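Look at the structure first, then read on.

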Amino acid sequence: MAEIIVPELAESITEGTIAQWVKKPGDKVEKGEFIVELETDKVNAEIISEEAGILKEILAEEGDTVLVGAVIAIVEAGDAAATPAPTPAVEEAAPAPAVEAPKAAPAPVVVEESSSTERVIASPAARKLAREKGIDLASVSPVDPQGRVRVQDVAAHGTAPAAPAAKPAEAPKAATPAVDESRVTVEKMSRRRQTIATRLLDVKQSTAMLTTFNEIDMTNVMALRSRKKDQFQEKHDGTRLGFMSFFTKAVVAALKKYPYVNAQIVGNEIHLNNFYDVGVAVSTDDGLVVPVVRDCDRKNFAEIEDAIGGLAKKARDKKLQIADLQGGSFTITNGGVFGSLMSTPIMNGTQAAILGMHTIQKRPIAVGDEVQIRPMMYVALSYDHRIIDGKDSVGFLKTVKELLENPEDLLLES
């Protein structure tokens, strides 16, 4: 018999949420087979079975919060391990009531109550809501003719009896039961969304954040990319030349010139990072994640494009590891892919600054004594004013602008 235990994923992760069981009790499992997905505040982890056998029991339902080290399931070794168990249970349970009907009656009542709840056909969302409201699923009347309990059934069952008792006790939560569910869809925040919210609020409250702006004429970068993209793709085995590699290389050059933008505050000290690990914000269905491209100063354009593409795919497929998200010194976020014209991005974690890219839009601008239509992009640098002065922040953005408007200089920097 083997226990399935929530593993240690990283020092900062102490708990997770059961996202999905891929196996159910009675299923055969192989050694090393993925049986449950655990959602943490950083990544989704696949937990495997260390033994081959039968999944005998699940100790934590989907939606439950579990601590690192907790036992969440039992696997019984061997194919036949679970087969004999039901036989004696059925044979002994049948004669017991016949011999001592009065004495056996109280015990089965408790057992049947809990087991009947487990036998109820219900959606995971309905089970989760029932646990939160303290409702016995067996007492819920389903609308579904097949007898399946849905989340609407649990909500309808719980409102009449439970609402009056709970409301007077907790004044702050009085607004929640007052929600008209026919007009409002209530959705619980995922663990990752809660963590994102907490961290963004912490950054806003614990830093002296300020944002400065500039605009970049993308004419020359776009022309260079257009001329070289086919040759680049052929030379680098299908890797496409995008704008992110240009911006990353420009950022690295600017960070070398303005090292305090690549720093962080640790206690009463300023730590100036001598490495250039750039985080790239990636939007997923579960929220924003920021995987890190390591040693961008040592990578060429193709290596940066490959790294960004690989990390973005891992993020969308929920395959990111803790190591992919740790240790960045600076972050780039591109709201332009969604059409954002301008924004004030919030810094990531303990970093001192973040660069926001935006959509490229043709606008009339003065070129010498003429007005021309040029593809322009607004860029924003949000930074911690405690360690970065206005002179450095403006100089940093100006350097990025100059390098991108003269991409030949950018190539010389790489």
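**Side-chain contacts and their labels**

Q: Why is Asp-317 called partly exposed?
A: In this predicted model, Asp-317 has a relative accessible area of 39%. Buried would need a value under 20% and exposed a value over 50%, so Asp-317 falls in between and counts as partly exposed.

Q: What makes the contact of Asp-317 and Lys-313 a salt bridge?
A: The N to O distance between their side chains is 2.8 Å. The cut-off is within 4 Å, so the pair of Asp-317 and Lys-313 qualifies. Lys-313, at 48% relative accessibility, is partly exposed.

Q: How do you know that Lys-24 is exposed?
A: Lys-24 has 54% relative accessibility. Exposed means over 50%, so the label applies to Lys-24. The side chain of Lys-24 forms a salt bridge with Asp-27, at 3.7 Å from N to O.

Q: What makes Lys-56 and Glu-76 a salt bridge, and which parts of the chain does the pair link?
A: The N to O distance is 3.8 Å, and the limit is within 4 Å, so Lys-56 and Glu-76 count as a salt bridge. The pair links distant parts of the chain: Lys-56 belongs to strand S6 and Glu-76 to strand S8, 20 residues apart.

Q: Why do Lys-56 and Glu-76 get their accessibility labels?
A: Glu-76 has a relative accessible area of 16%; buried means under 20%, so Glu-76 is buried. Lys-56 has 41% and is partly exposed.

Q: How many salt bridges does the structure hold?
A: The structure holds 13 salt bridges.

Q: How many aromatic pairs are there, and why is the pair of Phe-246 and Phe-301 called edge-to-face?
A: A search of the whole structure finds 2 aromatic pairs. The ring planes of Phe-246 and Phe-301 stand at 70°, with the centres 5.1 Å apart. An angle over 60 degrees counts as edge-to-face, so that is the label for Phe-246 and Phe-301. Phe-246 lies in helix H9 and Phe-301 in helix H10. Both residues, Phe-246 and Phe-301, are buried.

Q: What makes the pair of Phe-330 and Phe-396 tilted?
A: The planes of Phe-330 and Phe-396 are at 45°. Stacked needs under 30 degrees and edge-to-face over 60, so the pair of Phe-330 and Phe-396 is tilted. Phe-330 is in strand S16 and Phe-396 in helix H12, so the pair ties together parts 66 residues apart in sequence.

Note on methods. Residues numbered from 1 in each chain as written. Predicted model: local features only at pLDDT ≥ 70, side-chain atom pairs only at ≥ 80, totals over all residues. Heavy atoms only, no water. Phe/Tyr/Trp six-rings, centres within 6.5 Å; stacked < 30°, edge-to-face > 60°. Helix = DSSP H or I, 4+ residues; strand = E, 2+ residues; numbered from the N terminus. Buried < 20%, exposed > 50% of the residue type's maximum accessible area, 1.4 Å probe, protein only.
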